[in-house]
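Please open the model in a viewer and keep the sequence panel at hand. The tour begins at a single residue and then widens to the whole chain.

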Amino acid sequence: MAQISFEDFEKVEIHVGKIIKVEEFPKAKKPAYKLWIDFGNLGIKKSSAQITKLYEPRELINRLILAVTNFPPRQIADFISEVLVLGVVLDDGEVVLIQPDKDVALGKRIS
């Protein structure tokens, strides 16, 4: 993978959000959930996440996550995904969410 400069990294806005709503997403090509995430002053943003094998909807509610907030919106089936929720991709392709290990204010930027 090509190296990037620190200035390139600074262009990526990663913020802390809290999942406030989860719905099944049967129209997605791969099993996924629709997520509504509260980013504090940045507002509530939507995302689609392929995390159905490792997470049940009820355990996602109120979970803090990290997401890239400055990618352009992307249409997935009939849903507009506004942010990219970050996770670790395991060898089997499943995704484990990345989250802060302490409570922090919603919308705080990662640096």
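Select E94 first: this residue is buried, with a relative accessible area of 15%. Buried here means under 20% relative accessible area, exposed means over 50%, and partly exposed lies in between, with a 1.4 Å probe and protein chains only. E94 sits in the loop between β8 (87–89) and β9 (95–97). Next, display its surroundings: leaving aside residues up to four places away in sequence, E94 touches K53, L54, V88 and V89, where a contact means heavy atoms within 4.5 Å.

Some conventions apply throughout. This is a predicted model, in which local features need pLDDT of at least 70 and side-chain atom pairs count only at pLDDT 80 or more, while totals for chains, interfaces and linings use all residues. Residues are numbered from 1 along each chain as its sequence is written, and side-chain values use heavy atoms, with hydrogens and water left out.

**The chain in cartoon view**

Now switch to a cartoon of the chain, which shows two helices and nine strands. Helices (H or I, at least four residues) and strands (E, at least two) are DSSP runs, numbered from the N terminus. Followed from the N terminus, the elements run α-β-β-β-α-β-β-β-β-β-β.

**The five-stranded sheet**

Which order do the strands of the open sheet have? The five strands are arranged β3-β2-β1-β4-β7, with antiparallel pairing. The edges are β3 (44–49) and β7 (84–85), each of which pairs on one side only. Two strands are said to pair if DSSP finds at least two bridges between them. In general, strands of a sheet pair through backbone hydrogen bonds, either parallel or antiparallel.

Select β1 (residues 14–24) together with β2 (residues 33–38): six bridges join these antiparallel strands. Within this pair, K18 has D38 as its bridge partner, and I19 has I37.

Return to β2 and colour its residues by accessibility: five of its six residues are buried. β2 is also joined to β3 by six bridges, again antiparallel, with L35 bridged to S47. The hairpin of β2 and β3 has five residues between the strands, and G40 takes a positive phi near 65° there.

**The whole chain**

Finally, zoom out. The C-alpha atoms fill a box of roughly 40 × 35 × 25 Å along the principal axes. Buried residues make up 33% of the 111 residues. Of the contacts with a separation of 6 or more, 59% are between residues 24 or more positions apart.
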